[in-house]
Amino acid sequence: MKKVLLIGSDGMLGGELKERLEKNYDVTPTTLETLDICDRDAVFNKVKEVNPYFIINCAAFTNVDACEVKEDLALAVNGTAVGNIAEAAKENNSTFIHISTDYVFPGNLPIEQIYTENMKPNPVSSYGRTKLVGEENCKKAGKYYILRTAWLYGIRGKNFVKTMLNASKTRDEVSVVNDQHGSPTSTTTLCNIIEQIMEKEPEYGVYHSTNEGFTTWYEFTKKIYEFAGIKTKVIPLTSEQYKELNPDSSDRPKNSQLSKEKLKKIGIIPENYEDALKEYLKEELK
Ligand SMILES: NC(=O)c1ccc[n+]([C@@H]2O[C@H](COP(=O)([O-])OP(=O)(O)OC[C@H]3O[C@@H](n4cnc5c(N)ncnc54)[C@H](OP(=O)(O)O)[C@@H]3O)[C@@H](O)[C@H]2O)c1
């Protein structure tokens, strides 16, 4: 069995990935308690000790709004620390799989157009800026995959779908932004993509890794309620209206639609976001 060092194994993605990979790989999981990725010596020591074939980094500072007020910490975790892992990977000849985000793009592309891997990132938020530093640092590994995902939800973490399900318990209507376009992505789909990347070991580089299909947060909420049989009314908001109601919130890209053509060319076909949502709700509402 190939050895895997799985960093951030108690996060929303990391927790599910750990359970999945343990069936086929010799996995060493780490959490913030057992390995702080900002501690460069600890990262190098852990990589030397485990001697992994793959290093997967699911750790990050993921609270997009909090990144605006704690940009130093966000940069340390999402940016600089990724360089620690990449350089340790290079020294150990390990392949580094790192998770990034649609928020590296500015989102000002017309809605009829979608972002490909070779388009120039230019983030509008602290989270996006720090994750972009992480992408650049990741490349120091030499053998690397940067998987840009988006609008992630899963059984193990706080996420948008759970927030909307909870809101429906106490409210007759919810207001949701309708001018940000992207692909909601289930952790199950992302785990499938990661596993296939590990099996196929395609050309190193950046791969857009989301569910297929595009929507807005408003339309996505309507789908969540439709599939869950919930009657709560959904009211569309513009990003500007949302910002007025939540002045401390971070700016978010209006268009973060990512092309999956590169992934499809290597035979990895992500399922449609509606099918992934149905599967998730079956589990979540059990
Ligand atoms: N969630 C989304 O919508 C979304 C969208 C696009 C991309 N992504 C990316 O997808 C990946 C997985 O996201 P997720 O939602 O699964 O994240 P998550 O649930 O927030 O998990 C991240 C984990 O990283 C840990 N962590 C934080 N600082 C650390 C440090 N210095 N050293 C070691 N561990 C540390 C956190 O520990 P604590 O909880 O104890 O702080 C947490 O367990 C991330 O790279 C994220 O940027 C997520």
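Let me start on helix α6: its face turned away from the buried side carries the exposed residues N166, K169 and T170. Helices are DSSP runs of H or I with at least four residues, strands are runs of E with at least two, and both are numbered from the N terminus.

A word on the source. This is a predicted model, where local features need pLDDT of at least 70 and side-chain atom pairs count only at pLDDT 80 or more, while totals for chains, interfaces and linings use all residues. Residues are numbered from 1 along each chain as its sequence is written.

Back to α6, residues 160-170. Which of its residues are buried? They are V161, M164 and S168. These sit on the same side of α6 because they cover an arc of only 65° around the axis, the arc being that of the directions from the helix axis to the C-beta atoms. In general, an α-helix has 3.6 residues a turn, so residues three or four places apart point the same way. The buried residues of α6 pack against β6 (152-153), β7 (173-177), α8 (217-228) and α11 (273-284). Contact means C-beta atoms, placed from the backbone, within 7 Å.

Now the whole chain. It has 11 helices and 12 strands, and of its 286 residues, 45% count as buried. Along the principal axes, the C-alpha trace spans about 55 × 40 × 35 Å.

Next, the core. The largest nonpolar core has 68 residues, and those with the most contacts inside it are L6, I7, I55, I56, I85 and F96. Such a core is a set of buried Ala, Val, Leu, Ile, Met, Phe, Trp, Tyr and Cys residues joined through C-beta atoms within 7 Å. Helix α4 gives the most to this core, with eight residues. Leaving aside residues up to four places away in sequence, I55 touches L5, I7, V47, I85, A89, S94 and F96.

Last, the ligand. How many residues surround the ligand? There are 25, and the closest are G11, M12, L13, A59 and L152; the test is a C-beta atom, placed from the backbone, within 6 Å of the molecule. Two or more residues of this shell come from each of α1 (12-21), α4 (71-92) and β4 (95-101). Helix α1 gives the most, with three residues.

Key:
A residue is buried if 20 or more other C-beta atoms lie within 10 Å of its own, exposed if 12 or fewer, and partly exposed in between; C-beta atoms are placed from the backbone. Two residues are in contact if their C-beta atoms, placed from the backbone, lie within 7 Å.
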